[in-house]
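Hi,

Here is the structure I promised to pass on.

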Amino acid sequence: MAVAPPSYCFVAFPPRAKDGLVVFGKNSARPRDEVQEVMYFSAADHEPESKVECTYISIDQVPRTHAIVISRPAWLWGAEMGANEHGVCIANEAINAREPAAETEALLGMDLVRKGPSEFDIPVESWAAKGILPRMHHKTRI
């Protein structure tokens, strides 16, 4: 099994970042010829019992999604990194697993990177404390 190249995230807080801003970023370990798109999605209300088509599976849609900006490979529904209108930022990191992934289609870790800022207005650290990550979807393959 090939080992994924390193992927790094960074954040700079004032006073290192100017004008009181917080800077968040990430490098990508994706293939160099893979098209990366930077996309904006407006906040939206969704019909009850509607579905969202992720990379490989459809899952229940939440009633309201926040406005987000994401960077993603063009072929993928999910994202490498994203931020929402509330300042919640998230990015994926490559990991090397010891066990092979299941052969069934599932929600990808990069799908969660897109879903996170679109659905939550609280920092990622709070997700686990509130039990959100374990219940986000039972068909997750990270």
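Let me start with the sheet: four strands form an open one in the order β3-β8-β9-β10, and the pairing is antiparallel. (Strands pair here if DSSP finds at least two bridges between them; helices, H or I of at least four residues, and strands, E of at least two, are DSSP runs numbered from the N terminus.) β3 (36-41) and β10 (89-91) are at the edges with a single partner strand each, so one side of each has no neighbour in the sheet. From one strand to the next, the twist averages 15°. Angles run from 0 to 180 degrees between N-to-C directions, with axes as lines fitted to C-alpha atoms, for helices over the stretch in contact.

Before going further, some ground rules. This is a predicted model, where local features need pLDDT of at least 70 and side-chain atom pairs count only at pLDDT 80 or more, while totals for chains, interfaces and linings use all residues. Residues are numbered from 1 along each chain as its sequence is written, and side-chain values use heavy atoms, leaving out hydrogens and water.

Back to the strands: β3 and β8 (residues 68-73) run antiparallel and are joined by six bridges. Methionine 39 sits opposite isoleucine 70 in β8. Helix α1 packs on this sheet, touching β3, β8, β9 (81-84) and β10, and its direction makes about 170° with that of β8. Contact means heavy atoms within 4.5 Å.

Buried is under 20% relative accessible area, exposed over 50%, and partly exposed in between (1.4 Å probe, protein chains only).

Leaving aside residues up to four places away in sequence, histidine 66 touches several others, including Phe41, Asn84, Pro117 and Phe120.

As for the whole chain, there are three helices and 12 strands, and 34% of the 142 residues count as buried.

Cheers
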